[in-house]
Amino acid sequence: MASTGTVFQEPRTFTREEVAKHNKEGDLWIIIDSKVYDVTRFKNLHPGGASVFFDDDIPGQDATDVFFGLHRFEVLERPQYQRLQIGVIAGEKPQIHGKVDGALSKVPYAEPAWLTDGFKSPYFTENHRKFQAAMRKFVDEVIYPDAQAREADGKRPTQHVFDRMAELNLHAMRMGPGKHLKGLTLMNGLVKPEEFDYFHELIISQEIVRCGARGYGDALNAGCVIGLPPVLNFGSPELKARVIPEVFSGKKFICLAVSEAHAGSDVFGLQTTATKTEDGKHWIITGTKKWITNGTFADYFTVGCKTEDGFTVILVERGEGVETKPIKTSYSSTAGTAYITFDHVKVPVENTLGEEGGGIFVMLSNFNHERWVMCCCSARSQRLVIDECMKWTSQRKAFGKPLNSQPVVRAKLAAMIARTESVQNWLENVTYQMCNMSYKEQASKLAGQIAFLKMYTTRCGQETARDGLHLFGGRGVTQSGMGRFVEHYYRIVPFDALLGGAEDVLADLGVRQAIRAMPKDTKL
Ligand code: HEM
C-alpha cells in the first residue's frame with residue numbers, strides 16, 4: 001500500500017557561483033539571507049515592478065541588504081512567496097528572523113527594563129515573569145494573527161479568541177484584582193486569585209497592545225473594562241449572578257453607553273431619559289448614545305440616564321427598542337464603535353446600578369482604574385514604535401549608510417526612548433501604590449497622580465508618533481509595507497489622548513487636587 005505521508009525533502013543546495021549564472025530576464029535567481037529564490041516568472045507580478053531586479057547588483061546576486069531596506073520580514077513568510085524559494089547556499093545558514101512567537105525582543109528598549117537581560121526590578125516577582133511569558137505566547141499565537149486579519153477586513157474578533165481568553169479567565173482578570181476572581185482558575189492556575197495584583201493586570205494590558213491593532217485591542221472587550229465595573233460594584237446580587245458569568249465566559253458582551261451627540265463629559269447635559277412606569281416596576285428609556293465602543297455587538301449596555309433625581313446608571317439588555325449602528329472612525333471598525341438609539345425601552349428597576357440620582361458616583365468610581373489601563377496600553381504602544389524605528393533605521397540605508405548613522409536620526413531615537421522609559425517607570429510606581437492602597441484610598445490619593453500620568457503618557461505618545469513618522473518618511477503614512485505599524489500608531493494616537501478625559505482637563509484635575517491638599521500653615 002502506498003504511503004500518504006509527506007516526505008520531508010532536504011532543500012537543494014547551490015554555490016554562489018552557480019546562482020550567479022542565473023542572471024538574465026528568462027532565467028533570474030537572487031539570494032536573500034542564504035536562501036535562493038527563482039524570480040523569473042514572479043518579476044512580472046512583483047508589486048515593486050520588474051525593473052528593480054535588473055539593477056546592477058541584483059540578478060544572480062545577494063540581494064539581502066537591498067531587500068530588507070524595502071520589505072518587512074513577513075513578506076518572505078507569505079505562502080505565495082515562500083514558494084519562490086528553490087534552495088539554499090551550501091554551507092550557509094539564515095541569519096535573519098522576523099517575529100518569534102513568545103520571545104522577548106532583543107532590540108534595545110523594545111522591552112521594558114524589567115524584561116531586559118540583566119535588569120532587576122523591585123516590583124515584578126518570579127510569578128509575574130512566568131505570567132508574562134504565558135501571556136506573550138498567548139498573544140503571539142492566538143491574538144496577533146486574528147488582530148492582523150480583522151484589522152484588514154474590519155470585522156469583529158473571531159469568537160474563538162474570546163473563548164480562548166475565557167478559558168484563561170482573561171476577561172475576569174481585566175477587571176483587576178478583587179472578589180470577582182474568587183474560585184476562578186487564572187492563566188491555567190499560574191496565579192492564585194488572591195495573589196493576582198495590578199502588576200499582573202498591567203502585564204495583560206501591555207501584552208495585548210503588542211498586537212499593533214488599536215481598534216482590535218478595544219474590540220477585545222474594552223467595553224467590558226469600562227462597562228462591567230458598575231455592575232460588579234453596584235449591581236444587585238441577582239443581576240451580578242446572571243450577567244457577570246456570561247461576560248466572563250466571553251459569550252455575552254457589555255459596553256458603557258454615556259456620551260451623546262449632545263453631551264459627553266457634561267453628564268447633566270445628557271438627554272437620554274429614564275422615567276418610571278406608574279407601578280414603579282420599570283424604567284422607560286428613550287434617547288441616543290454616540291461613540292460607544294463595542295456597541296455594535298454588545299448584549300448589555302451600561303447606560304447613563306437623566307432621571308427625576310438627576311443622573312442614574314441603568315443596565316439595559318439588547319431587545320425591543322434598542323438599535324445599534326456602526327460609526328466609521330479613524331481606526332478599524334473591529335472595535336464596534338456604535339451610535340445607539342433607545343426607543344421606549346422597558347427595563348426592570350432592579351437593573352438600576354447604585355442609587356437613583358447617584359450615577360455620577362457610579363461613573364467616578366471607575367475613572368482611576370480606566371485611566372491607568374489606558375496608560376499601560378499607551379506606554380507599551382510607544383515601545384512598539386521604538387522597536388520599529390530601531391530596526392528601520394539600522395536596516396535602511398541612505399547615502400550608502402544606515403539611517404542611524406545620522407545624528408538627527410539618533411536624536412529622534414533618543415527622545416522617544418527617554419520618553420517611553422520615563423512613562424513606564426512612573427507607571428510602575430503608580431501601580432505599586434495601587435497594590436498597596438485600598439480602592440477608596442486610591443480614589444483620594446491617586447486621582448491626581450493618575451490624571452498627570454495619563455496626560456503625560458499620551459503627550460509622549462503623540463510626540464513619539466510624530467518622530468516615528470518622520471523617521472519612516474512617506475512609509476509612515478502608508479498602510480502597508482515597512483511603515484504600517486507607525487502609520488497605524490500615528491493615525492490612532494490622538495484617540496488615546498481623548499479617552500478618559502482630554503489632556504488639558506486631566507492636567508487641571510491633577511493641579512486642582514494638589515491645590516486642595518496644600519497645607520494651610522506653610523508659607524514661603
Ligand atoms: C523574493 C523576492 C521578493 C519578494 C517576494 C518581493 C515582494 C514584494 C512585495 C509583496 C512588495 C509590496 C510591499 C510590501 O508588502 O512590503 C514589494 C515591494 C517592493 N519591492 Fe519587492 N520583493 C522581492 C524582491 C525585491 C528585490 C530584490 C527588490 C530590489 C532590488 C525589490 C524591490 C521592491 C520595491 C522597490 C518595492 C516597492 C516598495 C515600496 O513601495 O516602498 N523587491 N516587494
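Biologist: In which loop is asparagine 169 found?
Modeller: This is a predicted model. Asparagine 169 has a phi near 65°, a positive value in a residue other than glycine. Its place in the chain is the loop between α6 (159-167) and α7 (170-173).

Biologist: Is asparagine 169 buried or exposed?
Modeller: A residue is buried if 20 or more other C-beta atoms lie within 10 Å of its own. Asparagine 169 has 20 such atoms within 10 Å, so asparagine 169 is buried.

Biologist: How does tyrosine 109 count, as buried, exposed or partly exposed?
Modeller: Tyrosine 109 is in the loop between β5 (85-89) and α5 (126-153), and has a positive phi of about 70° although it is not a glycine. Most residues other than glycine have a negative phi. The cut-off for buried is 20 or more C-beta neighbours, and for exposed 12 or fewer. Tyrosine 109 has 19 inside 10 Å, so the class of tyrosine 109 is partly exposed.

Biologist: Which residues have the most contacts inside the largest nonpolar core?
Modeller: That core has 88 residues. One of those with the most contacts inside it is Val316, which, leaving aside neighbours within four places in sequence, touches residues including Phe301, Val322 and Phe342. Apart from this core lies another, of 23 residues, among them Leu469 and Ile492. The residues asked for are Ile285, Ile314 and Val316.

Biologist: How many residues of the shell around the ligand are nonpolar?
Modeller: The ligand is surrounded by 20 residues, and Tyr81 and Gly481 are among the closest. Five of the shell residues are polar and two are charged. The nonpolar residues number 13.

Note on methods:
Residues numbered from 1 in each chain as written. Predicted model: local features only at pLDDT ≥ 70, side-chain atom pairs only at ≥ 80, totals over all residues. Near = placed C-beta within 6 Å. Nonpolar A, V, L, I, M, F, W, Y, C, P; charged D, E, K, R; others polar. Core = buried A, V, L, I, M, F, W, Y, C linked by C-beta atoms within 7 Å. Contact = placed C-beta atoms within 7 Å. Helix = DSSP H or I, 4+ residues; strand = E, 2+ residues; numbered from the N terminus.
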